[in-house]
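Hi,

Here is the structure I promised to pass on.

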Amino acid sequence: MSMIKTIETTPYAGQKPGTSGLRKKVTEFTRVHYLENFVQAIFNMLGDCQGKRLAVGGDGRYYNRQAIQIIARMAAANGFSKLLIGRDGILSTPAMSCIIRKYGTDGGIILSASHNPGGPDADFGVKFNGANGGPAPEAVTEKIYRHTLTIDKYLTIEADEIDLERIGRSELGGMEIEIIDPVADYADLMASIFDFEKISQLLTNRRFHMCFDAMHAVTGPYARTILEEQLGAEPGTVINGAPSESFGGIHPDPNLVHARELVERMNGDAPLAFGAASDGDGDRNMVLGSGFYINPCDSLAVLAANAGLVPKYQEGLAGVARSMPTSRALDRVARVLEIPCYETPVGWKYFGNLMDADKITICGEESFGTGSSHVREKDGLWAVLFWLNIIVKSRKPARSIVREHWSQFGRDYFTRHDYEGLDAGRAGEMISRLREGVSGLPGRQAGELSIQAADDFTYTDPVDGSVSEEQGVRIFFNDGSRAVFRLSGTGTSNATLRLYCDKYETDPALLGLDTQRMLAQSLQAAGEVSNMAEFTGRTAPDVIT
Ligand code: G16
């Protein structure tokens, strides 16, 4: 047994986990004791770690491997009995959730900054997931944060580096290390949910061509194994499939701007039937029909409406949930299915309790996230397989599925405008002003519209009663449209302001129009109410999704 070393340290300010764990620049994470402080704070939150088991893995970005070596030595010193690690340090976020649940570990540490860019000058992140496989809820991240404020030492051992490349068992300072295949358990889980036989018939049909853009990130090995090797899609279906430390220099963010190669293939001379992309850590997804973008809010609603076509969900759904800014398309499906629909704050962690209590089966967010209770994370490849299952069972192309959905349920036009790199003080002031004045907004005129209702969203968890306040300012206009303002909790530099807007339409003649045009009036009214131009100094958003 190696000697346990106690290293003295002092707290770093700002180690407060955001929407999804602690995300910072690599240059911050590599400061002396920075990562160690945060990891020890997680262990301190867990209390006595003797005999506990942990899973560790990440999206393969720069600093992933080094961080795993540091965490392994610290885990051994803190008394953990076993560490499960994905080969090469790789575990997608949904695969991590699957591993924690399948092997019953006491939790897992995910190394990822999701869709943020990777590399020595880019971003890194650490996220703790609990024994249910889901992101730690707010009460837990608060505890971790409080430990970071008082930390004065951490424990480690001196030991050789672990060989991350070879599957098998070894030992480190008295702790068992098991390097596991990062894909196998996840692939088995997918096969237990979907109709692989039927999907395989679709993917081996010479008239059906699809493309999956792994964006040089973690989903490459998963998509290659499942889509190409197991389901027989033609080789080359998965593009950018080798994870790289800098994600090939792109933002591994599955949207129309960053998944450019995929978008070109979908809109080219010989458009493919179906396209999809996933993000850095494999939990987000974007799906495209032939020359047709499917908004994540619509995708969520379509999956819920067609869940009966998937073996795992054919008995019905317990309920559904969406984050507050996500369009209300899902609510309309829930009403028809006569199941409950919950509205939660932004952040996957809020879905965990609902799933653990069997209140929901499917949930999702506008930020390209959809998932179900098969794990406790959103799951990019799961959503893609879900779509393929629906396409093959309904014998309809993705585009027709969405159009028919709109005809049946009406269409919720939705957009999100992001204002990035804002001065944090000014952006914060804008939100505070809105919040303070929110009760006086109803009845006020804004551009062509008048305000019917407005509030600052507060969520009371129906399972444990915990209350989360200040989750976004909502403004409801008299034409049924809605605008939501909040600050992003995942950025690593300055502030990002998000303005979400949606509007419901049922007139068949108005279902296939341009989203920005349909929402222009509401966006303008929202800009006016918030004094957006004055506070941001901008006349247009940086990113529109
Ligand atoms: C994370 C969270 C999501 C959230 C998204 C955007 O996703 O898990 O629940 O919707 O961030 O959050 P924000 O608006 O605060 O930036 P990911 O894929 O980045 O882990």
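**Around the ligand**

Of the 20 residues around the ligand, the ones that come nearest are Thr-19, Glu-365, Arg-486, Thr-490 and Arg-498; a residue counts as near if one of its heavy atoms lies within 4 Å of the molecule. Before you read on: this is a predicted model, where local features need pLDDT of at least 70 and side-chain atom pairs count only at pLDDT 80 or more, while totals for chains, interfaces and linings use all residues. Residues are numbered from 1 along each chain as its sequence is written, and side-chain values use heavy atoms, with hydrogens and water left out.

Some polar contacts (pairs of N or O atoms within 3.5 Å) to the ligand: a ligand oxygen sits 2.8 Å from a side-chain N or O atom of Arg-23. Arg-284 also has a side-chain N or O atom 2.8 Å from a ligand oxygen, and for Lys-378 the distance is 2.9 Å.

**Cysteines**

How many disulfides does a search of the whole structure find? The search turns up 0, with a disulfide taken as a pair of cysteine sulfur atoms within 2.5 Å. Cys-49 is buried at 3% relative accessible area, where buried means under 20% (1.4 Å probe, protein chains only). Cys-211 is buried too, at 1%.

**Pocket lining**

The lining of the largest pocket divides into 10 nonpolar, 15 polar and 10 charged residues. Here Ala, Val, Leu, Ile, Met, Phe, Trp, Tyr, Cys and Pro count as nonpolar, Asp, Glu, Lys and Arg as charged, and the others, Gly among them, as polar.

Cheers

Notes. Buried means under 20% relative accessible area, exposed over 50%, partly exposed in between (1.4 Å probe, protein chains only). A polar contact is a pair of N or O atoms within 3.5 Å; within protein, one must be able to donate a hydrogen and the other to accept it, and residues adjacent in sequence count only if both atoms are side-chain atoms.
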